[in-house]
Amino acid sequence: MKFVLAGFGGSGKTTLFNAMTGLDVPVGFGGEVRVGTVRVPDPRVDSLSRIYSPKRTTHATINLRDVPGEHGGGARVLSPGALQQIRDREAICLVLRDFVNPALEAPPDPLADLRAFHDECVLSDLGVAERRLDRLRKERAHVQEIGAFETAVAALEEGTPLRLLSPDELHRAFVKGYGLLTDLPLLAAVNVDEDRAGGPVDAELEAGVCGMGGAAMVLSAQVEAEIATLDPSEQADFLTEMGLSEATLDRFIRATYELMDLISFLTVGPEDVRAWPIRRGTVARKAAGRIHSDLERGFIRAEVIPYEVFAEYGSEQAVKDAGRLRVEGQGYVVADGDIVYVRFNV
């Protein structure tokens with residue numbers, strides 16, 4: 001999964017990036033694009049790893065890119081270069097400042113930041129879509145492709161993000177390769193002071209995010225930075241003192257999975273125990289392709305054990321002896337937590 005942390009200068013993006021990735025990149029305005037990896041916690045993987053003692057244990061990961069936010073004179077502007085760094089991502093986490101930053105004169109206004117970011121993305125997408133539409137018309141391209149870009153242009157001219165358009169309204173197969181920002185899933189992370197870390201999202205701000213087809217959550221990057229420095233045995237007590245039931249990283253990952261409609265299926269064996277993130281609704285043959293293209297091409301069948309069934313019996317052999325191993329064809333819709341063994345022939 002490829003996520004980007006976006007936002008304007010002084011929003012606390014890099015502090016959050018460091019806390020989530022365990023890195024220690026310099027905090028400040030401007031600078032370079034930073035990339036880190038976040039491991040997706042999964043107790044099922046840990047449990048299976050203890051049973052199989054594999055050579056490798058591989059959790060699902062999120063590839064996180066921190067794009068520097070420009071600032072100056074209170075202007076809310078992202079450069080074309082910054083926007084381009086967002087285009088090849090699979091989803092956006094927009095960090096909105098809702099705390100007093102001594103380095104900035106302007107008071108926090110997360111709703112204004114949200115709207116400014118939205119406007120920047122709409123204008124950028126509109127330019128891309130209009131240029132492509134002009135070329136398609138000159139080339140007398142397929143009517144469906146022209147129609148897809150006409151739909152996109154019409155929506156963007158109204159300020160409507162493309163993520164709000166249903167598959168019936170926008171044929172995404174034609175626009176997929178153009179990195180349209182307003183069609184990417186959007187998670188707004190409202191960065192607040194420590195004493196508000198456990199609070200709710202402001203109702204007006206949440207309505208604004210939802211109206212753009214996104215989701216919102218509250219966090220305190222400073223709190224997360226402090227948690228990251230603690231011994232794991234001390235983190236639970238610290239979270240309780242802060243009025244938090246879990247760390248932001250866990251909430252962020254859960255929100256990410258929900259936003260992108262992701263689940264994980266599992267593979268096990270002496271070499272590797274691994275989680276594979278896929279879109280909900282993925283069929284067995286396509287899921288096999290996540291492991292290796294040969295498995296998809298030569299797919300014969302999938303042998304499936306739901307994790308809960310495995311946990312009940314404690315081993316593959318016990319599951320088989322109880323007649324609970326399922327044999328599924330290529331059209332089987334893989335469920336979250338399925339342990340899958342693919343039979344194939346190429």
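This is a predicted model: local features need pLDDT of at least 70, side-chain atom pairs count only at pLDDT 80 or more; totals for chains, interfaces and linings use all residues.

Charges went first. I looked up where the 38 positive and 53 negative charges of the protein chain sit on average, and their mean positions are 9 Å apart.

Next, the overall build. I find 14 helices and 12 strands in the protein chain. The C-alpha trace spans about 70 × 65 × 35 Å along its principal axes. What would a compact globule with 346 residues have as its radius of gyration? It would be near 20 Å, and the 23 Å of the protein chain agrees with that.

Then surface and packing. I get an accessible surface of about 16,900 Å² for the protein chain, and 49% of it belongs to carbon and sulfur atoms. Of the 346 residues, 48% count as buried. I also checked contacts with a separation of 6 or more: residues 24 or more positions apart account for 68% of them.

Last stop, arginine 65. I placed it in strand β4, which runs over residues 61–66. Is arginine 65 buried or exposed? Its relative accessibility is 11%, and buried means under 20%, so arginine 65 counts as buried.

Which side chain does the side chain of arginine 65 make a polar contact with? I found aspartate 88, at 2.9 Å. Asp88 also turns up in the list of residues that arginine 65 touches, leaving out those up to four places away in sequence. Gln85 and Arg89 are on that list too, along with Phe3, Val4, Leu5, Val33, Arg34 and Val35.

Methods: Residues are numbered from 1 along each chain as its sequence is written. Side-chain values use heavy atoms; hydrogens and water are left out. Helices (H or I, at least four residues) and strands (E, at least two) are DSSP runs, numbered from the N terminus. The radius of gyration is taken over C-alpha atoms; the globule rule is 2.2 Å times the number of residues to the power 0.38. Buried means under 20% relative accessible area, exposed over 50%, partly exposed in between (1.4 Å probe, protein chains only). Contact means heavy atoms within 4.5 Å. Accessible areas come from the Shrake-Rupley method with a 1.4 Å probe; for residues, only the protein chains shown count as cover. Lys and Arg count as positive and Asp and Glu as negative; His and the chain ends are not counted. The place of a charge is taken as NZ of Lys, CZ of Arg, CG of Asp or CD of Glu. A polar contact is a pair of N or O atoms within 3.5 Å; within protein, one must be able to donate a hydrogen and the other to accept it, and residues adjacent in sequence count only if both atoms are side-chain atoms.
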